[in-house]
Amino acid sequence: MDLMRRHLLAGSAAGACLGLAGCASLPGAEGGPRDGQADSAAAQVRWLNRLTWGATPEAARQLAAQGLSRWLAQQLKAQPGVPLPPEAQAQIEAMTITREPLVARVVALEAQRRAADALKDDEAKKAAQQAYQQELNRQGRESAQRFVLRALYSPQQVQEQMVWFWMNHFSLHLYKGNLRALIPDFEDQAVRPHALGRFRDLLGATVYHPAMLRYLDNEHNAAGRLNENYARELMELHTLGVGGGYSQQDVQALARVLSGLGVVNPPDAPPPQLPPALQGQYVRRGLFEFNPRRHDDSPQSLLGQPLPGRGLARVEAALDRLARHPSTARFVARKLVLFWVSDTPAPGLVDRVAAAFQRSDGDIAATLNALFSSPEFAASLGTLFRDPVHYVLAGVRLAYDGRVILNPNPVLNWINRLGEPLYGRSTPDGYPLEAAAWSSAGQMSTRFEVARAIGSGPAGLFKTEATPPVEQPAFPQLSNALYHQGLAPSLSPRTRQALEQASSPQEWNTFLLSSPEFMNR
């Protein structure tokens, strides 16, 4: 196994096609996503490995039955409330983040924190504070578990990938303050409903969510005590991008526009006492608060033009201007090409995707349709290196197809070991999308261990506290029809030789899941 491991890992680290050079002869390079481009099982697997979290026998059957164009059109339709398999849906329904609304959870947590801090006995206080942190950890872990279940089993796979894309674009760090309690709602209420909708709606939902306002310190942004942190990141990371045409003066102006947008603290506090002239401007929605007394109402210009309106109306005008600016279209387009096509985005493709974004007024599904219809996209299939989240989820999807795991924690542990914990990026720029960030020798060695864990048995994925205990499945049978018809044709002679030399089915699984070809999507 050690010899095969060295061969496979060397190929994995060196064999990723990081651009489009040398890939133009792949099937589909001549046009957009037409049914004829996915006639063979091998072609279907290539499309599925890019447009889903990983090809499975069931997904291949659906694609073959519907045809590529119809299947893709269905994937690009935002369909809220599409049910998961009952076993997966039941796990989500049992979670605290599903059963209890955000405000109630945060009120209860704040009461728990205050009670712990009020204790006089040092040992009792320490234990109570640890219990508070453990409850925050549990709610944050539930959010990650819910993400894994949806990514593995939702029929809307493009939507699930876009939820991850936008959560990384509007990145939050789990361990700041009480964000472990806020992030589940941010993902479910701010990002998910708009993942395939209009970018302007998505942007507004993130701006007004308490998780973002807390993470980027806008709850401390007030007239006379400006905090520019969120204003800067809103332009640099969320809309215009570095070099997008804004100045330090624009940062200061946007900070003034955003002043007064904050989080109700404590979460059950009564409304503030305001003079009659300001009372009509005060807004509270859940934990979001706009306090006009904290707002700088002086006239402002943004990107060279005055901003109309006052208070929240001026916030809306600023968001309109940012969302529809050509620099935003190009910045978002480039990130979409990085995520879906290539580490070296072709300028012509970025231009066409940006044009589709502007032409559709930021319609994300329409923009993706233009991207997926490009010859560059078809030519790149099978060449885009999988980041850790894509790699682990693809392995589990292939190993167990439609059989629902009952314990997502091993999946999260593997992702953590590979250095991309969900909601764990410590800086607001999100995880890098390029292969260079994830293809080091240490990373590849750890991927081999993860491949062995997935390929050798259930690895705790079906371990529960149920009575009687749930029957554990045997190790995955990856040498199946999907492999022989769809995966095998793309394997190199060296990978085929390694598989032939496997001494057991479990070792064969490990070699396949750690092969250079499986590192790509």
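Some ground rules. Residues are numbered from 1 along each chain as its sequence is written. Because the model is predicted, local features need pLDDT of at least 70 and side-chain atom pairs count only at pLDDT 80 or more, while totals for chains, interfaces and linings use all residues; side-chain values use heavy atoms, with hydrogens and water left out.

Salt bridges, then. By that I mean a side-chain nitrogen of Lys or Arg within 4 Å of a carboxyl oxygen of Asp or Glu. How many does a search of the whole structure find? It finds 25 salt bridges.

Take arginine 113 and aspartate 117, whose closest N and O atoms are 2.8 Å apart. Both belong to helix H7, residues 102–118, and as they are four residues apart, about one helical turn separates them. Helices here are DSSP runs of H or I with at least four residues, strands are runs of E with at least two, and both are numbered from the N terminus. As background, an α-helix has 3.6 residues a turn, so residues three or four places apart point the same way. Arginine 113 is partly exposed at 29% relative accessible area, and aspartate 117 is partly exposed at 34%. The cut-offs are under 20% for buried, over 50% for exposed, and partly exposed in between, with a 1.4 Å probe and protein chains only.

Next, arginine 150 bridges to aspartate 188, with closest N and O atoms 2.9 Å apart. Arginine 150 lies in helix H8 (residues 122–153) and aspartate 188 in helix H10 (residues 179–191), so this pair ties together parts 38 residues apart in sequence. Arginine 150 is buried, at 13% relative accessibility.

Two strands count as paired if DSSP finds at least two bridges between them; S2 and S3 have three. Arginine 284 stands opposite glutamate 289 in S3.

Last, helix H23, residues 441–456. Why should this helix span 22 Å? The expected span is 1.5 Å times one less than the number of residues, and H23 has 16 residues; its end C-alpha atoms are 23 Å apart, which agrees. Its buried residues include Met444, Phe448 and Ile454.
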